[in-house]
Amino acid sequence: MTGDSERAESADVKPLAHEPAEAVRRGQEERLRKVWVTPSGWHYWSAVNNTIVGVWYTAAAFLFFLFGGVLALLMRVQLAVPENTFLSAETYNQVFTVHGSVMMFLFAIPVFESIAVIFLPQMLGARDLPFPRLSAFGFWCFILGGVFLSGSILFDAAPRGGWFMYPPLTSKYQPGTGADMWLLGFSFIEIAAIAAAVELIVGTLKCRPPGMRINLIPLYCWYVLVAAAMVLFAFPPLIAGSMLLELERAFDWPFFDAGRGGDPLLWQHLFWLFGHPEVYIIFLPSIAIIAMIIPTFAGRPIVGYTWIVLAAVGTGFISFGLWVHHMFTTGLPGISLGLFSAASEAVAIPTGVQIFCFLATLAAGRLVRSVPMLFTAGALAIFVLGGLTGVMVALATFDFQAHDTFFVVAHLHYVLIGGAVFPIVAGCYYFFPLINGKKLSDRLGKIAFWFMFVGFNIAFLPMHFTGLRGMPRRVFTYPEGLGFETLNMISTVGAFILGIGIAIVTWDIVRPKKRVPYAERNPWNAGTLEWLPNMPSENWGVRSIPEIDSRYPLWQQPNFVRDVDQGRFYLPDAEEGKRETLVTTAIDSRPVQCLRLPGPSFIPAVAALTMGGFFILGTFYLWIPALISLVVAIGVIWYWLWIGTAVLPEKEEKDVGLGLKLPLYLSGPASVGWWAMFIMMLAVLTAFVCLIFSYFFYWTIHDDFPPESATGPGVFWPCLAGGLLLASWGMTLLARRWNRANKTGAFYVALLLALGLALAGGAAILAGPWLTGLNPKSHVYPAIVWLLAIWTALHAAVGALMHAYCLASRLAGRMSARHDIDMWNVTLFWHFVALTAGITVAVIAGFPLVK
Amino acid sequence: MCPGARCRCDGRAGQMRRSALSIAEAERLTYRGQLATGIYRKRRSLRLVGRIGGAALAVGTWCGCDGIQSALEPAGREAEQLADLFWWMAAGTLVIWLAVLGLAVYSVRVDPERGKRRENLFIITFGAVVPTVVLTGLLAYGLAILPGQVALAPEGALKISVDGELWWWRVHYETPGGNSVQLANEVRMPVGQPVQFELRSSNVIHSFWIPSIGGKKDMIPGRINRLALTPTKTGTYRGICAEYCGTSHALMGFFAVVLEQDEFSAWLNRQMQDAPEPANELATRGRELFMANGCGACHAIRGTSATGAIGPDLTHVGSRLSIGAGTLPTTRNNLVKWIGRVHQVKPGVLMPHFGMLQEEDLQAIAAYLEGLK
């Protein structure tokens with residue numbers, strides 16, 4: 001499929017035929033500017049707009065990248081010569097743990113989300129993402145958790161279990177707060193990352209410009225959609241695993257203790273079920289930048305759009321079936337080794353398809369040389385080699401030698417630096433004019449590139465051989481005479497050259513640019529919507545939200561920029577002084593709603609702070625203050641929802657221009673909030689499924705599960721709990737229906753009943769293990785039963801809280817028969833509670849009977 | 001031929017010398033001596049290839065022609081297969097990498113009108129068809145050797161169980177004849193015969209790896225992992241823990257010595273005997289001090305009252321190539337250093353240091369231990 005043939009035939013919506021009068025335009029611009037103004041003074045930090053928060057977010061992630069890089073250089077100094085004493089063993093172990101963790105959790109993942117937060121709305125011609133305050137919340141969580149974790153190394157208190165945190169080393173053999181910090185701190189950051197993923201998914205699916213059907217979405221957004229969806233299913237296994245490990249550390253519940261029925265391998269399964277998709281979560285959004293750069297500099301639409309999308313989606317799926325290749329040396333049966341080797345090789349194919357689509361685009365176009373293209377070329381050269389060594393280690397047999405050696409260190413850096421860092425730097429040079437209206441320096445960019453490219457290869461190419469010569473990873477020293485000296489010294493020199501390159505890029509970004517002239521508009525002559533803004537740009541995003549009928553509207557739609565600029569499309573004005581954007585249907589992008597967006601607020605920061613308090617205080621086992629912080633956080637979030645969401649509009653409909661009237665308030669599946677709840681609950685359900693997986697993992701692998709001596713939880717209490725919770729679910733459904741029917745009395749009664757049943761059900765599910773005397777410290781069986789019961793009870797408790805919120809909402813007149821977003825979303829939540837309760841009861845009450 | 005062939009030839013002189021090592025010579029060699037031999041051979045091989053040219057030099061330095069811990073200089077059936085696999089894949093990788101870069105350059109240079117023709121064919125051929133064919137072939141090769149890599153040794157093979165400890169190796173020999181003995185931090189094997197390793201851990205996860213002889217396998221609490229290795233060349237090799245296991249993970253090594261069958265039997269017989277009596281007065285006093293300072297609470301020396309099972313068995317500690325799990329060569333000075341300042345030698349070590357003892361007492365204990373051949 002080429003770029004020219006996909007112009008929609010039915011471009012029946014045309015922009016205004018005539019230019020609006022000058023005075024009218026001035027007035028519109030004045031009002032838009034006022035509505036989207038960035039707060040000044042210390043209120044600046046209350047900003048929630050994507051263009052502000054996204055830049056903070058990216059800058060913070062970049063700072064963590066530099067921090068991780070400094071740690072890497074410390075390691076290289078230590079390893080430059082044998083038996084070096086530059087770092088002590090304890091310090092080195094902290095340094096490599098923090099380096100890996102920071103690069104993965106505080107750079108690679110956040111930077112993908114933060115770049116997407118900046119550019120997604122611009123590429124989609126939206127004024128902002130649907131939940132700006134959620135983005136801000138994610139940012140504040142990230143910065144709080146990140147500073148806390150990184151800072152710990154200055155106090156010699158950092159985690160030192162490796163970024164993979166294998167128990168039992170991390171459960172019983174490393175006292176101190178380091179491991180707790182890792183488990184709780186990163187869980188906190190991951191929850192924020194999931195929130196951001198929800199935002200990006202809903203943004204891509206529901207906030208596109210009219211006419212941008214699913215086959216016209218810019219490739220970047222497709223990649224982000226895939227990666228964000230992967231976050232939903234990849235992070236919960238790690239969160240579930242972290243929960244198990246923290247319970248073992250803090251309360252001695254023996255999930256990974258082989259002496260009490262636990263199993264250290266369960267952690268590895270959960271960790272790599274996260275850890276492998278993670279690689280693609282990093283790689284896909286980075287290669288997405290390349291997918292935007294290449295058409296621009298080839299001067300023609302991408303070749304093989306459909307192939308690329310299918311390949312990206314395929315990669316996403318396959319990546320969840322590869323995790324075992326990180327466990328080839330754990331003694332798994334030969335059949336598993338063979339199957340997972342084959343699956344791991346297979347993932348090379350969609351990657352190959354994407355790369356050759358890019359090459360085909362270059363072949364069909366006339367290349368304009370530039371710094372972004374230079375970094376793209378470097379990325380290709382490095383990444384392909386990393387992919388090829390990946391093919392090597394994907395073979396179980398070869399992995400028996402290569403695993404846990406410097407060969408793997410070399411491989412993963414080729415993949416991640418070639419597949420993520422180089423594309424991101426390319427993106428930095430490419431997108432920078434959109435940030436402050438100025439280009440970065442071509443000269444510095446070229447110098448930086450050669451330092452980075454040469455330094456990288458000098459540092460990492462020898463490591464393949466260091467590893468095969470027998471040097472394991474994660475060693476703070478090595479003896480003389482084994483043939484490691486020269487190779488390590490070369491690597492160290494290379495690492496510093498790479499460091500210089502990155503320092504030059506950093507300088508280019510931060511150097512004062514007062515004298516640098518503003519770039520011309522659309523400086524690279526690109527074809528996609530993010531290049532609409534003037535240099536420097538206005539805060540409002542697009543002047544008017546355009547009707548789209550091509551993949552590269554700036555190239556393919558006549559008079560496009562003029563029409564957008566003159567406000568000839570949708571929403572050219574902010575008559576009511578409110579921030580607004582359009583909501584469209586997910587597949588064919590028909591406009592369905594004019595969404596009111598919230599403005600600047602400190603609430604997200606306060607919510608992040610109080611929520612972070614729970615995790616940070618928990619690190620020090622200060623459970624009482626931690627719980628107080630959590631309760632305050634819940635209060636803050638209640639307040640946030642109460643004043644900022646599902647606000648009743650002053651009128652039902654609004655004229656958005658071009659003769660289109662759209663409702664201001666939609667509830668149920670038509671509303672963005674419902675989608676967000678649904679997507680969020682998929683992630684929560686995935687975490688729950690991981691706990692169930694753990695139960696059956698023990699069940700299948702260990703003969704003493706459940707142990708003979710297990711006394712509970714019995715059948716009665718779990719079944720009673722299941723009945724009560726299902727009844728509460730039913731009452732919730734009725735409450736929603738009666739609310740819609742405006743049967744106010746019935747609504748209150750049903751909701752009160754639902755609330756009571758939820759609390760009773762939650763208590764009953766806990767009564768099972770409690771009354772049958774299951775001691776979670778004695779064996780893994782009672783521990784996992786307790787955990788499933790608590791998980792379900794927590795769902796019931798949150799559900800009850802939501803019931804209370806709806807009661808209060810209707811009483812206060814925030815909700816009515818017609819305006820019932822809250823009730824719909826709570827009902828949706830309760831579908832998941834019912835599912836969770838049903839599965840929990842079947843497992844904890846039913847399966848002991850099967851045995 | 002793949003470059004590996006030349007590489008292994010380069011190393012052959014060294015191997016022949018090593019295979020000629022008698023057991024007595026092997027034992028005389030200190031740890032440093034072992035490593036120094038490696039350095040000597042490296043320099044020699046560098047001089048050799050240096051004459052051939054700069055490019056060959058690069059290969060000589062990088063491909064691991066020497067090194068007693070190198071997967072690229074195999075001395076076991078399993079390692080040989082994997083080294084061959086690596087060289088084939090490395091050659092293939094180089095070819096494919098150059099081909100992709102070549103296609104990239106072509107894509108940039110080609111006239112757009114020509115480039116537009118057969119776009120889809122280009123993508124499908126190079127993106128999907130070629131990788132599928134190549135990967136299928138590779139998978140067939142790589143998995144064909146899998147059964148041999150994971151198979152158990154035949155019934156009646158020598159059985160060595162190894163327990164990963166913090167941070168050392170507890171080694172237990174069981175001969176087909178039904179004898180068994182506990183040793184530590186060194187593994188010796190007869191050449192040409194499969195050896196069945198049983199790998200366990202009662203603390204954290206470790207990974208048992210002798211790169212020259214075969215691939216690694218993890219030691220996981222609650223499980224027993226089995227690994228069969230067949231050494232094919234006599235010599236002294238070095239093994240190391242490959243799974244990060246805490247503070248002194250880097251200092252968890254051991255020597256693996258491959259001997260001719262009769263040398264091996266003689267060695268094992270000697271290891272099965274009780275500890276020899278101290279040979280002189282100093283050593284006798286050393287034994288008294290060893291017992292008086294409670295060393296026997298953790299260490300066993302068969303034939304004495306020291307029966308501790310927490311630390312490594314020391315019955316024949318003087319016969320081992322290294323102390324502290326491959327950390328220091330077995331010399332008297334090193335034994336003094338170890339006992340007096342163990343916490344500085346091995347960070348985080350569980351053994352308390354005996355720095356409160358007088359220097360001459362430490363010397364005496366060291367003399368006693370050194371004599372435990």
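User: What percentage of the 373 residues of chain B count as buried?

Analyst: Good place to start. Buried means under 20% relative accessible area, exposed means over 50%, and partly exposed is in between, using a 1.4 Å probe and protein chains only. In chain B, 55% of the 373 residues count as buried. Please keep in mind that this is a predicted model, where local features need pLDDT of at least 70, side-chain atom pairs count only at pLDDT 80 or more, and totals for chains, interfaces and linings use all residues. Residues are numbered from 1 along each chain as its sequence is written, chains are lettered from A in the order in which they are written, and side-chain values use heavy atoms, with hydrogens and water left out.

User: How many helices and strands does chain B have?

Analyst: Helices (H or I, at least four residues) and strands (E, at least two) are DSSP runs, numbered from the N terminus. Chain B has 13 helices and 12 strands.

User: Which residues does A:Ser114 touch?

Analyst: Contact means heavy atoms within 4.5 Å. Leaving aside residues up to four places away in sequence, A:Ser114 touches A:Gly54, A:Tyr57 and A:Thr58. A:Ser114 lies in helix α3 (residues 89-123) of chain A and is buried, with a relative accessible area of 0%.

User: How many aromatic pairs are there over all chains?

Analyst: Rings of Phe, Tyr and Trp (its six-membered ring) pair if their centres lie within 6.5 Å; planes under 30 degrees apart count as stacked, over 60 as edge-to-face and the rest as tilted. Over all chains, the structure holds 92 aromatic pairs. One of them is the edge-to-face pair of A:Phe356 and B:Phe122, 5.8 Å centre to centre with 70° between the planes. A:Phe356 lies in helix α11 (residues 348-364) of chain A and B:Phe122 in helix α8 (residues 119-144) of chain B, so this pair joins two chains. A:Phe356 is buried, with a relative accessible area of 6%, and B:Phe122 is buried, with 14%.

User: Why is the pair of A:Trp450 and A:Phe453 edge-to-face?

Analyst: Their ring planes are at 90°, with the centres 6.1 Å apart, so the pair is edge-to-face. Both residues lie in helix α15 (residues 442-468) of chain A, 3 residues apart, about one turn of the helix. A:Trp450 is partly exposed, with a relative accessible area of 48%.

User: What is the area buried between chain A and chain B?

Analyst: Buried area is the accessible area (1.4 Å probe) that two parts lose on being put together, summed over both. Between chain A and chain B it is about 7,200 Å², and carbon and sulfur atoms give 69% of that. A:Phe356, A:Gln401 and A:Arg469 supply 11% of the area that chain A buries against chain B, more than any other three residues. The contact takes 93 residues from chain A and 87 residues from chain B.
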